[in-house]
Amino acid sequence: MKLSIIIPTYQSHDIRPLLSGLAKQSKLPYEVIVVENGSHQKTLSQQLSESESDLNIMYIHEPLAGLNRARNRGCYASEGSQIAIIDDDCMPHVDWVSSLIDAHLDNPLAGVIGGRVLLDYKAPPPVWFNSEFKRSLAELDYGEEQKTLGRWQHLVGANLSFSRDVFNEVGGFQESLGLKGDEEIIRANDETEFIHKACLRGLPGAIYEGRAVV
C-alpha cells in the first residue's frame with residue numbers, strides 16, 4: 001500500500017522537525033508532499049533541497065492562500081492509493097505511518113481514518129484550561145484502541161487519512177471554507193464538510209485509530 005503524506009505549510013513555517021519525525025518512522029511513507037501556501041516566494045525549496053533523508057519529498061508552491069486549497073493541491077499531485085494530511089506543527093509518533101497503513105488494510109472501505117492528537121505543553125497549563133479549550137486546539141483522544149466512530153464523534157485535520165477513491169468521489173476539500181492567510185473565513189474545522197461527505201461514502205464511515213498518534 002502506498003501512503004502519501006500531505007503537509008500544507010504557511011509563511012515559511014519551519015517544518016524540519018516534522019520532516020525529521022517522518023524520516024524516523026518505523027515504516028517510511030511512499031512520498032511526502034510539502035505545499036507552501038500563502039507566500040510569494042519559494043522560501044522552503046532551498047531547505048528541502050538540503051534535506052538529507054530517505055524521504056521521497058515533493059515541493060509545491062501554491063501562491064493563492066487557503067488551507068483547503070493547499071490540501072487539494074497536494075492531494076491531486078500525490079500518487080499514493082491512500083493519503084494522509086498532517087499539520088505543519090505536529091510531531092508524529094514513530095509508528096504513525098505504519099499504524100495508518102494497518103488501519104486502512106483492516107478497513108479498506110472506510111470513508112476516513114484518523115488518529116490521536118495530543119497537545120505538547122511547554123509549561124503546565126492553567127487550572128481553567130479544560131477539555132473545551134483543548135478541543136479548540138485540535139486535541140483528540142478516544143483512547144489507544146481502534147474503533148468505529150458514532151455520528152457525533154469527530155476527527156480532525158491535523159491527523160486524517162483517506163483513500164484516493166474517496167477523495168475523488170467527494171471532490172476534495174471545499175476551498176471556500178477555512179483560513180485564507182490573514183483573512184479568517186472560518187478559523188478551524190474547515191475539514192468537517194469533507195469528513196461528512198467521505199463518511200457517507202464509507203463502510204464504515206469513520207474509523208479512529210488510537211495507535212496513530214501525533
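1. Terms first. Helices (H or I, at least four residues) and strands (E, at least two) are DSSP runs, numbered from the N terminus. Glu-36, for example, is found in strand β2.

2. Basis of the note. This is a predicted model, in which local features need pLDDT of at least 70, side-chain atom pairs count only at pLDDT 80 or more, and totals for chains, interfaces and linings use all residues. Residues are numbered from 1 along each chain as its sequence is written, and side-chain values use heavy atoms, with hydrogens and water left out.

3. Overall make-up. The chain contains 7 helices and 10 strands. Of its 214 residues, 45% are buried. Buried means under 20% relative accessible area, exposed over 50%, and partly exposed in between (1.4 Å probe, protein chains only). The chain exposes about 10900 Å². Carbon and sulfur atoms supply 50% of that area. Accessible areas come from the Shrake-Rupley method with a 1.4 Å probe; for residues, only the protein chains shown count as cover.

4. Contacts along the chain. Contact means heavy atoms within 4.5 Å. Take the contacts in the chain with a separation of 6 or more: residues 24 or more positions apart account for 79% of them.

5. The sheet. An open sheet is built from 8 strands, in the order β3-β2-β1-β4-β7-β5-β10-β6, with mixed pairing. Its edge strands are β3 (57–62) and β6 (146–148), each pairing on one side only. From one strand to the next, the twist averages 25°. Two strands pair if DSSP finds at least two bridges between them. Axes are lines fitted to C-alpha atoms, for helices over the stretch in contact, and angles run from 0 to 180 degrees between N-to-C directions.

6. Strand β1. How many of the 8 residues of β1 are buried? The count is 7, so β1 is largely enclosed by the rest of the structure. β1 pairs with β2 in the parallel sense over 7 bridges. Pro-8 has Val-35 as its bridge partner in β2. β1 also pairs with β4 in the parallel sense, over 4 bridges. There, Ile-6 stands opposite Ile-85 in β4.

7. Strands β2 and β3. β2 (residues 31–37) pairs with β3 in the parallel sense over 6 bridges. Val-34 has Tyr-59 as its bridge partner in β3. Tyr-59 also meets Glu-36: a polar contact of 2.4 Å joins their side chains. A polar contact is a pair of N or O atoms within 3.5 Å; within protein, one must be able to donate a hydrogen and the other to accept it, and residues adjacent in sequence count only if both atoms are side-chain atoms. Is Glu-36 buried or exposed? Glu-36 counts as buried because its relative accessibility is 0%.

8. The core. The largest nonpolar core has 51 residues. Such a core is a set of buried Ala, Val, Leu, Ile, Met, Phe, Trp, Tyr and Cys residues joined through side-chain atoms within 4.5 Å. Those with the most contacts inside this one are Ile-5, Ile-7, Trp-96, Val-112, Leu-155 and Phe-162. Helix α4 (residues 96–106) gives the largest share of this core, 5 residues.

9. Two residues of interest. Leaving aside neighbours within four places in sequence, Trp-96 is in contact with residues including Ile-5, Leu-22, Ile-86 and Val-214. Ser-99 has its place in helix α4. At 3% relative accessibility, Ser-99 counts as buried. With the neighbours within four places left aside, Ser-99 is in contact with Glu-209, Arg-211 and Ala-212.

10. Helices α3 and α7. In α3 (residues 67–77), the residues Asn-68, Ala-70, Arg-71, Asn-72, Gly-74 and Cys-75 are buried. The buried residues of α3 pack against β1 (3–10), β2, β3, β4 (82–86), β7 and α6. Helix α7 (residues 192–200) lies across β5 (112–116), β7 (159–163) and β10 (206–213). It runs at about 125° to β5.

11. Two loops. Gln-174 is found in the loop between α6 (164–170) and β8 (179–180). Gln-174 is partly exposed because its relative accessible area is 32%. Not counting residues up to four places away in sequence, Gln-174 touches Asn-68 and Glu-193. A polar contact of 3.0 Å joins its side chain to that of Ser-176. Asp-54 is found in the loop between α2 (45–49) and β3. With a relative accessible area of 70%, Asp-54 is exposed. Asp-54 and Lys-24 are 30 residues apart along the chain, and their C-alpha atoms are separated by 9.3 Å.
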